[in-house]
Amino acid sequence: MANPSPYFSAGPYSGPAPAAKDQDAAKEDQDVAQLVLDLCVPELREKALFFLSKKREKCEDLALLLWHSYGTMAALLQEIVSTYRSLSPPKLSSDQSTRVCNALALLQCVASHPDTRIPFVNALVPLYLYPFLNTTYKTREYEFLRLTSLGVIGALVKFDDREVVAFLLTSEIIPLCLRAIDMGSELSKTVATFIIQKIMLDDAGLVYVCASLERFCAVASVLGQMVEELVEQPSPRLLKHIIRCYLRLTDDRRACNALRSSLPTALRDGTFNDLIEVDLTARLWLHQLLHNIMMMSNGGGGPHPVLGRAMGM
């Protein structure tokens with residue numbers, strides 16, 4: 001019997017051959033590289049911003065391309081600075097907002113990469129975002145700017161880098177985050193609270209917040225206001241960040257003592273029990289927070305022996 005045809009003996013089709021995959025990857029890399037070059041051409045920039053913002057999560061080396069390509073970062077900053085004139089009086093169009101948000105998305109890519117994060121900070125690039133965090137307008141166009149700018153700062157603090165925290169503290173980021181919480185949507189409040197949480201988890205951040213009564217009261221007041229709002233409009237994710245901020249404040253003895261009288265009642269009376277029922281970490285944090293305050297009231301201190309071990313304290 002003759003051997004069967006090799007076409008019938010082959011296994012099931014599993015996609016293009018490796019060579020074809022390599023060609024596709026090479027073509028994609030060429031396309032991305034060309035789009036990066038197009039950022040420096042004013043007539044091509046808007047299209048390049050749009051497509052690069054879509055590709056940023058798929059291209060691992062995009063941050064390096066953006067940072068090391070001649071003129072690229074200057075082009076992105078030009079997009080940002082050109083928007084300032086539309087901040088006050090407010091005249092930012094939807095198209096303008098979308099375009100600069102695409103530029104900010106690329107900056108977030110650079111802020112997230114381990115090889116470009118510190119150079120990004122040392123070049124003071126985050127300062128160019130601060131006017132967007134300082135706006136007082138709540139329309140959709142300005143909220144997108146606020147949220148995307150917070151996303152860049154959130155990418156910086158995500159990796160617990162002390163050099164990053166030190167820079168942000170000297171540049172007064174916490175008051176800007178408090179303003180964003182006051183003016184922004186639930187998502188902006190969540191990202192801004194996450195940034196404050198990550199900064200305070202650094203020892204220098206906690207010292208900064210607790211260095212004066214004015215700073216502590218500014219943070220505690222905004223946290224308390226958000227807790228009151230969550231009673232009417234619950235958000236488990238935002239509540240979790242708020243609880244962690246309060247818990248971190250109890251690591252400072254003076255702040256913990258102040259929270260004895262200023263911690264919102266809704267965090268003490270079980271109002272949010274159903275909201276965090278399925279989140280073990282949030283429940284542990286809340287129990288630890290209440291325990292720390294109770295111990296302060298009784299003249300004691302230190303983490304609960306069981307909860308502390310569960311939280312790695």
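Reply: Arg 45, Glu 46, Glu 79 and Arg 99 are linked in a network of salt bridges, a salt bridge being a side-chain nitrogen of Lys or Arg within 4 Å of a carboxyl oxygen of Asp or Glu. This is a predicted model, in which local features need pLDDT of at least 70 and side-chain atom pairs count only at pLDDT 80 or more, while totals for chains, interfaces and linings use all residues. Residues are numbered from 1 along each chain as its sequence is written, and side-chain values use heavy atoms, with hydrogens and water left out.

Me: What is the N to O distance between Glu 79 and Arg 45?
Reply: Their side chains meet in a salt bridge at 3.3 Å, N to O. The pair links distant parts of the chain, with Glu 79 in helix α5 (residues 72-81) and Arg 45 in helix α3, 34 residues apart; helices are DSSP runs of H or I with at least four residues, numbered from the N terminus.

Me: Is Arg 45 buried or exposed?
Reply: Arg 45 is buried, because its relative accessible area is 6%, and buried means under 20%, exposed over 50% and partly exposed in between, with a 1.4 Å probe and protein chains only. Glu 79 is buried as well, with a relative accessible area of 8%.

Me: And which residues does Arg 45 touch, leaving out those up to four places away in sequence?
Reply: Arg 45 touches Asp 38, Leu 39, Cys 40, Ala 75, Gln 78, Glu 79 and Arg 99, where contact means heavy atoms within 4.5 Å.

Me: How many residues are in the largest nonpolar core?
Reply: The largest nonpolar core has 94 residues, and those with the most contacts inside it are Leu 107, Ile 173, Tyr 246 and Leu 249; such a core is a set of buried Ala, Val, Leu, Ile, Met, Phe, Trp, Tyr and Cys residues joined through side-chain atoms within 4.5 Å. Helix α6 (residues 94-112) gives the most to this core, with 9 residues.

Methods: Helix = DSSP H or I, 4+ residues; strand = E, 2+ residues; numbered from the N terminus.
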